[in-house]
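Look at the sequence and the model below before reading on.

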Amino acid sequence: YIAEGGLIYVMHVNYNESITLNKSVLIQGDRGPGSGVVINAPVNAPCLKFEPAQGTAHAVVANVSLHSRLKSSVAPCVDIGAGVFTLKESNVLGSTRAPAVRIAGGTVMLEKNDISSGTTGVFVDQAHTLSQSFIIDNKIGKNTIGVDIAKDSRSDVVIAGNEIFDNVYSGVQASGFGAAKLIGNKIRNNKGSGIVLDKFAKLSLVRYNEIIANEGDGVAVQFGANGIIEDNQIVGNHGGAMHVGD
């Protein structure tokens, strides 16, 4: 039993289990020698799920590796439904059939993580207008889409300082009605466009990004989207630097 606000210090070893958190807690992975703390999810179960009854509960998970062990798993590796949640300095390895990280509610901070191998690296689908996500200084690569903000999402999303690369389709796709702020990212070598703002995207801000060598357009903007795009370096993309259209 861990008391509310307790600390769990995890020694480096492989754990074959799914973790469900429902209260404020800090999980700190051991930083000693060895392969580190690895949590392997069972079939069709998340590696880590956080959905507390109280929205003020704050869980922090640091310095762990979270793996969807089977590529056929239909569960997100990290699944956040409510509360305040921070994941930092960790590795998230998803399956090919679900997001590596799914954010469905709450206030979420992803900082300095490596996120890969999901249908989406980070999938944001927060229906509540007061929800927020902060995706800061991560490496998000080798997913189908790097970051995908769903069209039904109403939250504000800050995507800043990340490297978003080598994804099968677009680096970032923004479809939500909340404001998406993309600032200071390096978005490169994605097989589709670097950034896609689709017709549902509102109040977007795209500033100070390096959008380089993507196989589609640098920035693709569909009719109906609105926002500000300024002071970016957009070079070497196989499509147009910017494309506005259907």
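What follows is a walk through a predicted model, starting with its overall make-up.

The secondary structure of the protein consists of 30 strands and zero helices. The radius of gyration is 18 Å, close to the 18 Å that the globule rule gives for 246 residues, so the protein is as compact as a globular protein of that length. Its C-alpha trace spans about 55 × 35 × 30 Å along the principal axes.

How much of the protein counts as buried? Of its 246 residues, 52% do. The accessible surface comes to about 10,600 Å², and carbon and sulfur atoms hold 53% of that area. Contacts can also be sorted by distance along the sequence. Among contacts in the protein with a separation of 6 or more, 56% are between residues 24 or more positions apart.

Another open sheet is built from 10 strands with parallel pairing, in the order β3-β6-β9-β12-β15-β18-β21-β24-β27-β30. Its edges are β3 (19-21) and β30 (242-245), each with a single partner strand, so one side of each lacks a neighbour in the sheet. Here, too, neighbouring strands are turned by 10° against each other on average, direction ignored. Within this sheet, strand β24 (residues 195-197) and strand β27 (residues 219-222) run parallel and are joined by three bridges. Leu 197 has Val 221 as its bridge partner in β27.

Strand β7 (residues 58-62) gives a view of how a strand can sit between partners. Is β7 largely enclosed or largely open? Four of its five residues are buried, so β7 is largely enclosed by the rest of the structure. It pairs in the parallel sense with strand β4 (residues 25-29) over four bridges. It also pairs in the parallel sense with strand β10 (residues 84-88), over five bridges. Ala 62 takes part on both sides: it is the bridge partner of Gln 28, and its own bridge partner in β10 is Lys 88. In a regular strand, side chains alternate between the two faces of the sheet.

Where is Ala 98 found? Ala 98 lies in the loop between β11 (91-93) and β12 (101-103). Its relative accessibility is 3%, and buried means under 20%, so Ala 98 counts as buried. Leaving aside residues up to four places away in sequence, Ala 98 touches Ser 73, Val 74, Ala 75 and Pro 76, as well as Gly 118, Thr 119 and Thr 120. Gly 121 is 23 residues from Ala 98 in sequence, and their C-alpha atoms are 9.2 Å apart in space.

Definitions and conventions:
Residues numbered from 1 in each chain as written. Predicted model: local features only at pLDDT ≥ 70, side-chain atom pairs only at ≥ 80, totals over all residues. Heavy atoms only, no water. Helix = DSSP H or I, 4+ residues; strand = E, 2+ residues; numbered from the N terminus. Rg over C-alpha atoms; globule rule 2.2 N^0.38 Å. Buried < 20%, exposed > 50% of the residue type's maximum accessible area, 1.4 Å probe, protein only. Contact = heavy atoms within 4.5 Å. Areas by Shrake-Rupley, 256 points an atom, 1.4 Å probe, with all protein chains shown as cover. Pairing = 2+ DSSP bridges. Axes fitted to C-alpha atoms, helices over the stretch in contact; angles between N-to-C directions.
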